[in-house]
Amino acid sequence: MVEQLQRNESGRRLVGTPLSPGIGAGRAYRIEQHAPDFHRLYLSPAEAPRELERLQEALTKSREQLVRIKKRFEQQLGKEHSYIIDAHRLILEDQEFLDQIRSKIRDHLYGPERAVWEATEEWLAVYRTLTDPFFRDRGSDLEEVARRIVANLGESGPPRQEEQSSEDLILVGPEIGLSDLASFPLAQVKGLVSTRGGQTSHITIIARVHRIPAVSGVQEVEGNIRTGDEMIVDGSEGVVLVQPSAGERRDFQVLLREEQRRSSELEGDFRPSSTADGRVVSVLANTDMEDEATVAFGLGAEGIGLFRSEFVYMGEMSGPVRFEDQLSIYRRLARLTGPRPAVIRTLDMGTEDHPYFTRLAGEGPVLGLRGIRLSLDRPQLFRDQARAIVSARREGNLRILLPMISSADELVTARELIRDVEREVSEKTGFEPESPIQVGAMIEVPSAVLVLDGICRHADFVSVGSNDLIQFTLAVDRSSDLLSPLFNPLHPAILKSLERVARVASRNRIPAYVCGEVAAQPLYAYLLIGMGFQRLSMNPFAIPTVKKRIREMVYEEARERIRELLRFSTIQEVEQYVKREMPSWETVGQRSGSRFVKS
């Protein structure tokens, strides 16, 4: 529930969930989600054929509108973002979804508007059961397409935004869609405020790439914000000020200047990072899509330490994605990264994370058929992905990372399959690289930590997925608000597990990465470097700060502190040591509340 503090008759402070960092100010522009006041529930048998025709007309009109929106996106955001609108187009072409709507009209005699919404709700019910928020957020695309179809079933069609004001704008609404954003000059949009919106929704991704502050989870938007209201949005802290006071406006100007100065100092820092005593540490980026690599490199990333390939599979929700579509994406990634490393994690999608895989193998728990288990269970899916990566490798330094490895046996089996694919590609294309593609094992299961020596003998590198390693080692669901205090990277078991990975990898002379988000926190980055890790991969926007902090630390000092920390048996001892001996690192990355003075 939103915290709302009345400052005066008009000023309000709303608190939500930060989605895209930064601060912005402008006039509120309310995005209204129009819905028909009335639509029929049932038809007569004689009316069904005409209503099916009306549905087809609405689908055709919707596709034409998406073509126009895609052109606007290409003009404002560049062609690399056009795939986002393609995701909507693919929904409009999904025959299973459309047949479901037609069946409700033809067989159940539902009115077409009702048929669209009921079919949509059935699909959304699947999305809501997904464990991964990345895939749950894809449901917003389906809802936006459904709203478009229903609006086009009416006479007026969807409302068109024709805002021509030159003022800076904050877009506000229950949920802001792609077509809403495409209706305004991007340079004019200084913030997004919504009731609903996910960390990995398309809108959030665009906002992060283009530095538009965004806050979601702001309840009662309709009652608190009117078009024309002056607003300040702090996307780093999740704070929204409506009709700010003179003091708050002054605070905003100070913060804006500080942020611009900090950005100019940190961004574009392409120097390799090393500690004050000369220990080299590579700082890389985690990304979901190939175009994010450009942003990451602009922020100083030295490569892509984790490319999550699951998004590749979201273009087709009713079946496996085509090899050609995968190849196109990996080629673009390879061209963007060039000689820099780009580590592609193979499909880490459980049967509960995607409608197709749910239907394929049945619903399963978080610890069920996912990651390498799913890939080996469905080898043709795995071969297609491996073939696409291997084929694209001739254009860049691509590497393969296998998720959820729990034994050396899984790694050996997967490597044999990849080597077989390499031979096929070489025979077909004549492409013969100097060495086989590097294949790494993701260390995120406790059993992998225990048998790490065996895994390292068959891996070219290892990469710690710290989020899952913490979750599985401590038996803590990281998505649970109730259990979140127990999700603690400073737990002695986690510190010992991480130190073991760094030590065993070093002994086997293979690189060790950390690609969980703990690497983005300067305190944990300090500890990881002290353990011996020299490759940290993180959210691109954390890179400038982490690189700056790495240059301030002394490796030998961090190593000594790790020796001390590994002696402790309780979390309390660890936390007290950090607080006492590392005060300048202990609070970094902790949320400190709004950065605005509460006058």
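Is Arg-102 buried or exposed, and at what relative accessibility? Select it: at 19% relative accessibility, Arg-102 counts as buried (buried is under 20% relative accessible area, exposed over 50%, partly exposed in between, with a 1.4 Å probe and protein chains only).

Before moving on, note the ground rules. This is a predicted model, in which local features need pLDDT of at least 70 and side-chain atom pairs count only at pLDDT 80 or more, while totals for chains, interfaces and linings use all residues. Residues are numbered from 1 along each chain as its sequence is written, and side-chain values use heavy atoms, with hydrogens and water left out.

Stop 1: Helices (H or I, at least four residues) and strands (E, at least two) are DSSP runs, numbered from the N terminus. Asp-99 is partly exposed, at 40%.

Stop 2: The structure holds 40 salt bridges. Select Asp-229 and Arg-12, whose side chains meet in one of 3.5 Å, N to O. Asp-229 is in the loop between α9 (221-224) and β8 (230-234) and Arg-12 in strand β2 (residues 12-15), so the pair ties together parts 217 residues apart in sequence. Both residues are buried.

**Stop 3: a network.** Select Glu-310, Arg-345, Asp-348, Arg-370 and Asp-468; salt bridges link them in a network. Zoom in on Asp-468 and Arg-370: their closest N and O atoms are 3.4 Å apart. Asp-468 and Arg-370 are both buried.

**Stop 4: a strand residue.** Go to Ile-344, in strand β13 (residues 341-345). Ile-344 is buried, at 0% relative accessible area. From Ile-344 to Leu-333 the C-alpha distance is 9.7 Å.

**Stop 5: two crossing helices.** Show α21 (residues 522-531) and α23 (residues 555-565). Their axes come within 8 Å and cross at roughly 90°. Axes are lines fitted to C-alpha atoms, for helices over the stretch in contact, and angles run from 0 to 180 degrees between N-to-C directions. The contact includes Tyr-526 and Leu-527 of α21 and Ile-562 and Leu-565 of α23.

Conventions:
Contact = heavy atoms within 4.5 Å. Salt bridge = Lys/Arg side-chain N within 4 Å of Asp/Glu carboxyl O.
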